[in-house]
Amino acid sequence: MKRLPFVFVTLVFSGCNSAPKPEKAKVPVSTTAPKVEYFHVDAATAGAVHGRVSFAGKKPVRKKIDVSEDPMCAKMHAAGLYDESVVVNPNGTLANVFVYVKQGLEGKTFEPSKEPVVIDQKGCRFAPRVFGIQTGQPLNVVNSDPVTHNIHPLAQVNRAWNQSQDPQTEPLKRRFLQREVMIRVKCNIHSWMRAWIGAVEHPYFAVSAQPDGSFELPNLPPGDYTIEAWHEVYGVQEQKITVKPSGKEDVSFTFKGE
Amino acid sequence: MEPTPRTSSQPAAWAPLFVIVLSAVSCSSPKEAAKAPPPAGPVGTPIEIPVPLGLPPVAAPANNKPTVETVALGKKLYYDTKLSADDTVSCASCHGPAHGFTDGSPVSTGVGGKQGGRSAPTVLNAAYSPVQFWDGRAASLEEQAGGPIANPIEMNLPHEAAVRKLNADGEYPKLFEKAFGPGPATIEKVQMAIASFERTVISGNSPFDRYQFGGDKKALSPAAARGLAIFKDAAKGNCVKCHTIDDKYALFSDGKFHNLGVGMNAEGELADLGRYTQTKVEADKGAFRTPTLRNIAQTAPYMHDGSAKTLRRVVDFYVGGGNSNPQLDKDIKKLELSGREREDLVAFLESLTGEIPKEVLSQ
């Protein structure tokens, strides 16, 4: 019985001793929080890379997709829904090629854009099918269809996630934090739906356009770069270029079909 | 949507089935009587609740075996808006027969237009659930019945006020005496009576039951029969893993809690922690009690937050493999089901609309 108060006293003391520790720890944490120095491009010397992606060979025949998994999707595509893994433009260029600066920006940290990139689930397709996003930039997932969709990015470097989305619900907000070229995206509910996301830690990425196959990487600081072009069927190609102060460099890629 | 109970294969009324077992069960034993204060207990005519095809017997606590009088009193209370602060909301407002004993809304509206975050679960076959509420916070129907009466966003009537109101009423005091013997109404008696009534709100003898337990192979359409096979197939739907079907009956619920990832906010976080709010166990985050699927075609919208409007959307949600989150149940996986198989599952779910005794409906 006599020992009891003593025990209490030590407990209280140890409590007092330990209590200020987190307080102390808090101070350095807040003051030494890593302050990121973002790189700012000098407009006076900034250059650009532009170009176009050509397609050589026989234009593949687009396959008709079986949409019987969902009668609502079938209804939206009475004339049939066709595979979009290869989209050759009327002028012979190739669309949906992801082009980005693979090397040459090391040591520079770019502030993530606050402008959300939007991926829509519309007509039982992902739109756009191929797009880039800066690491840390918001991704808004929208469902414009009258059916339940599911978006499942099969990320390997970033955290993979899987989310179903009912019609008329608020956009899902997500981010990717690591470079990953590319992240394959599927819909677990509609097996034909595909998208590809290129997540890079800078703003120098583009997708070759419909209908002319062009792309542009503007406001690029002068330097030596490796530019990579990626296509979901035809793989990757890269080219080394030098961007001179205020230089406009032309880079073209050609993917060959069968 | 009005459930039209078909009584062709069931007695029109229960009266002939009432089994008189008298004092042995309902009277307190000498041991219990020695305790203070003596617990309230029914004093009327005990009944055996008739059980339709496909359901097990209805169990009741030893101190609250259903009687003609407690069930009748419970029914009156269940449908009476007097149990709310401003006489506008009854139990049936949110758990009404027109919507399979739910209210047809994503979340319910209580006194003064107040809304909560969860969808009203059906009272149908709640008698068989080991725990009540989506998060299981009540261990019995008796305990559950007290919750919404006092809840500020539901009926908003503190228990003392509710009891005062009933004791001042022209009809209730004599009904309480008939049901529980001399003495005024107490909240305990209110809860016991409502629970006894709810034990009679059961649904069975659906086309599924006649097919599965009654040997009537024509009771299900070919699509519904295929749907049942998918429902049971571990490599297809595997729905029975949680929505159970036993050898002699089917409750369509394991009475446990599972996380499907329903109710994620825009940022991908669980908006409602469900079972975790009761247990503080990490693995229970976002887990909710498996609901019965009885009369599911009448109880849209679905899920604990009422987020799924149709059965097809529920099926699609499961096909998608739920929503990823750290506590996602290990049995929730992407399902490989063709479009027809998904429609078959919906057809099967629609075959679960059973008979509800007409005695439980409001007059």
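Hi everyone. Let me start inside chain A, with F98(A) and Y100(A), which are both buried. One thing to keep in mind throughout: this is a predicted model.

These two residues also pair up through their rings. A pair of aromatic rings is described by the distance of the centres and the angle of the planes. For F98(A) and Y100(A), the centres are 5.4 Å apart and the planes make an angle of 25°, and the pair is stacked. Across all chains, a search of the whole structure turns up 20 aromatic pairs.

Here is another of those pairs, this time in chain B. Y172(B) and F176(B) have ring centres 6.2 Å apart and planes at 50°, so this pair is tilted. Where do Y172(B) and F176(B) sit in chain B? They belong to helix α7, residues 172-180, and because they are 4 residues apart in that helix, about one helical turn separates them. Y172(B) has 1% relative accessibility, so it counts as buried. F176(B) also comes out at 1% relative accessibility, and therefore counts as buried.

F208(B), F213(B), F231(B), F252(B) and F348(B) make up one aromatic cluster.

Now back to Y172(B), by way of one of its contacts. D80(B) touches Y172(B), along with V89(B) and S90(B), leaving aside residues up to four places away in sequence. You will find D80(B) in the loop that runs between α3 (68-78) and α4 (91-94) of chain B. Is D80(B) buried or exposed? Its relative accessibility is 11%, and buried means under 20%, so D80(B) counts as buried.

P158(B) has a relative accessible area of 41%, which makes it partly exposed.

A quick word on chain A as a whole. Its secondary structure comes to 3 helices and 18 strands. Chain A has 258 residues, and 45% of them count as buried. Of the contacts in chain A with a separation of 6 or more, 65% are between residues 24 or more positions apart.

Finally, let's see how the two chains meet. The size of an interface is often given as the accessible area lost when the parts come together. Here, chain B and chain A bury about 1600 Å² between them, with 39% of that on carbon and sulfur atoms. On the chain B side, A266(B), R313(B) and S324(B) lose the most area to chain A, and together they account for 30% of what that side buries. In terms of residues, the contact takes 20 from chain B and 21 from chain A.

What kinds of interaction do we find there? There is 1 salt bridge across the interface, and E69(A) and R342(B) meet in a salt bridge through their side chains, at 3.8 Å from N to O. There are also 10 residue pairs in polar contact between the chains.

Which elements of chain B give two or more residues to the side that touches chain A? They are α12 (311-319) and α13 (339-350), and α12(B) supplies the largest share, with 5 residues. By type, that side of chain B divides into 5 nonpolar, 8 polar and 7 charged residues.

Technical notes:
Residues are numbered from 1 along each chain as its sequence is written. Chains are lettered from A and ligands numbered from 1 in the order in which they are written. This is a predicted model: local features need pLDDT of at least 70, side-chain atom pairs count only at pLDDT 80 or more; totals for chains, interfaces and linings use all residues. Side-chain values use heavy atoms; hydrogens and water are left out. Contact means heavy atoms within 4.5 Å. Buried area is the accessible area (1.4 Å probe) that two parts lose on being put together, summed over both. A salt bridge is a side-chain nitrogen of Lys or Arg within 4 Å of a carboxyl oxygen of Asp or Glu. A polar contact is a pair of N or O atoms within 3.5 Å; within protein, one must be able to donate a hydrogen and the other to accept it, and residues adjacent in sequence count only if both atoms are side-chain atoms. Ala, Val, Leu, Ile, Met, Phe, Trp, Tyr, Cys and Pro count as nonpolar, Asp, Glu, Lys and Arg as charged, and the others, Gly among them, as polar. Rings of Phe, Tyr and Trp (its six-membered ring) pair if their centres lie within 6.5 Å; planes under 30 degrees apart count as stacked, over 60 as edge-to-face and the rest as tilted. Buried means under 20% relative accessible area, exposed over 50%, partly exposed in between (1.4 Å probe, protein chains only).
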